[in-house]
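Let's take a walk through this model together, one piece at a time. Have the structure open beside you as we go.

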Amino acid sequence: MAKKEIDTRFNKFGTVSFTSTTKVNDFIDRLEQGKVSGTRCKKCGMTFFPPRADCYQCFSSDMEWFDVAGTGKLVTYSKLEYAPVGFDGDLPYAIALLDFGDFKVFGRLDSNLSDDEIQVGMEMKTAVNKLPNGQLNYVFQKA
Amino acid sequence: MGKVGIIGVGQSAFVRGYPGSIKELAFEGFRDAMLDAQITTKDIDASVICSAPEYDKQRSPAGVLAEYFGLTPQPTFYVETLCSSSSTGVKLAYSLIKSGLHDVVAVVGFQKMSEISSAESQERMGRGADIQWESPFGTMMPAYYAMYARRHMSKYGTTSEDLALIRVKAATYGQINEKAVYRKPVTLDMFSDPESAMSGPVASPLRVGDCCANADGSSCIIVANEEKAKAFSKKPVWILGVGAASTTVNLVGRSLFSGLTVGMEAGKQAYEMAGVSPKDIDVAEVHDCFTIAEMMAYENLGFAKPGEGRDLIRGKETYKEGSIPVNVDGGLLSKGHPIGATGGSQIRTIVLQLRGEAGDMQVKDPEIGLVHNIGGVGLYGNVTILGR
């Protein structure tokens, strides 16, 4: 009997992924198509980013995807000069938070941004980013 | 039910590279508290063991530590809320006693961080966040707290120098605390001196001097019901209020980035239960894993209004002689932060203060003290209010 195949697409997320299997693995396919996506509960309309398979408000698992679009405000960020094991090849890099109103997105700032271009409160957009090691993440760029 | 008291406190010296096993390390804090309480292991009904996972290789440490302490066959439990594990342990002990299940409970916190490298430690701490959606971006504790620092600066005009002043205060007391890992003075000039390690960049806007010292250490708090506390101890310190709260792990679920809601919520609960307000606190230990964390604690606990924490440190109001002395044992910044041992060590400091036994660190005649202990990036909040 053939071994049941395990869907480990999520291994591709970020410089180092710590999760291989999740019910929202389609997030990776959508990243590959250039889309950063969250989920919305079809029953009660609750919106989730990052995407979830289950709604804690109405307990439904009937979700639909939506794409993060438009711009969000930069809430805060930090540029790292020291990295945890596995991330030193990426240094320096900045982690950041964008506020889109209905939801927030945690990620990295585009490494092409110079320090003096970055201001708390500035409008930014998300973009899918291919990492040198073949992994995928998303970054924030000037809107 | 009557009151719940603390009858013994202890801690090991906080050091780098402890030359022994986790059992031997934890025993140092346990023995210190037992000698302080002047009781025997037969007087202890249960033990609560606290640490954060993945620093050492021992699975389920409660059993092996209870064995080493001679606390079998009494029940033992393992409790974990990252950096606030042993405050949570004391809250559990309080509940076990208040429910009438046990009379005397030993809470032991420990961490041997030196089993792994600093970069490995950052990776593990980064995984105290959301491993699915945040850690793959390369997160670590200093960077998360740096995001709070950036927001606090942007919202209120707090400066890097204000934060550095908090480190200078911590070092003032770290020098006189013989159990502290960092005993050297720190001056404001060091933060602008490229030759000084303090000025080294870590995660903007935080620098090396803004970050606490990793350490190996253990702590122990012995908690008892009113009857036993009065029988065993001449100077029991009473637990007047306990508060605890959580929030979302992932920052996307939060709405405040210039303060920690868990500190506010846990503080509110503890003040209400104790029937006191911030102005009644005579001495406090707050969770200064980073300088910004102490600044936010001033504001979240009501010692200062939001955005005005800097006035406290600029005016030296949180020094020993000030209106609200905070972390006059060196804090996590200089005393060191062996994750699972930290809450117990903070509680020990306040108990010694209330007993008038804090030596050179003694604040003048305090009656009510507060302990604020945070786990993760503002993920778990614990506030304990103690009184004579």
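In helix H2 of chain B (residues 61–69), the buried residues are Pro61(B), Ala62(B), Leu65(B), Ala66(B) and Phe69(B). Here a residue is buried if 20 or more other C-beta atoms, placed from the backbone, lie within 10 Å of its own, and helices (H or I, at least four residues) and strands (E, at least two) are DSSP runs, numbered from the N terminus. Look down the axis of H2(B): the buried residues fall within an arc of 125 degrees, so they line one face of the helix; the arc is that of the directions from the helix axis to the C-beta atoms.

A word on the model: it is predicted, so local features need pLDDT of at least 70 and side-chain atom pairs count only at pLDDT 80 or more, while totals for chains, interfaces and linings use all residues. Residues are numbered from 1 along each chain as its sequence is written, and chains are lettered from A and ligands numbered from 1 in the order in which they are written.

What lies over that buried face? The cover of the buried residues of H2(B) includes helix H1 (22–37) and strands S2 (46–50), S3 (76–79) and S4 (104–112) of chain B.

Now move along chain B to strand S8 (residues 237–246), where eight of the 10 residues are buried. S8(B) pairs in the antiparallel sense with strand S1 (residues 4–11) of chain B over two bridges, and Gly5(B) stands opposite Trp238(B). Strands count as paired if DSSP finds at least two bridges between them. S8(B) also pairs with strand S11 (residues 380–387) of chain B, antiparallel over eight bridges, with Gly243(B) opposite Val383(B).

How values were computed: A residue is buried if 20 or more other C-beta atoms lie within 10 Å of its own, exposed if 12 or fewer, and partly exposed in between; C-beta atoms are placed from the backbone. Two residues are in contact if their C-beta atoms, placed from the backbone, lie within 7 Å.
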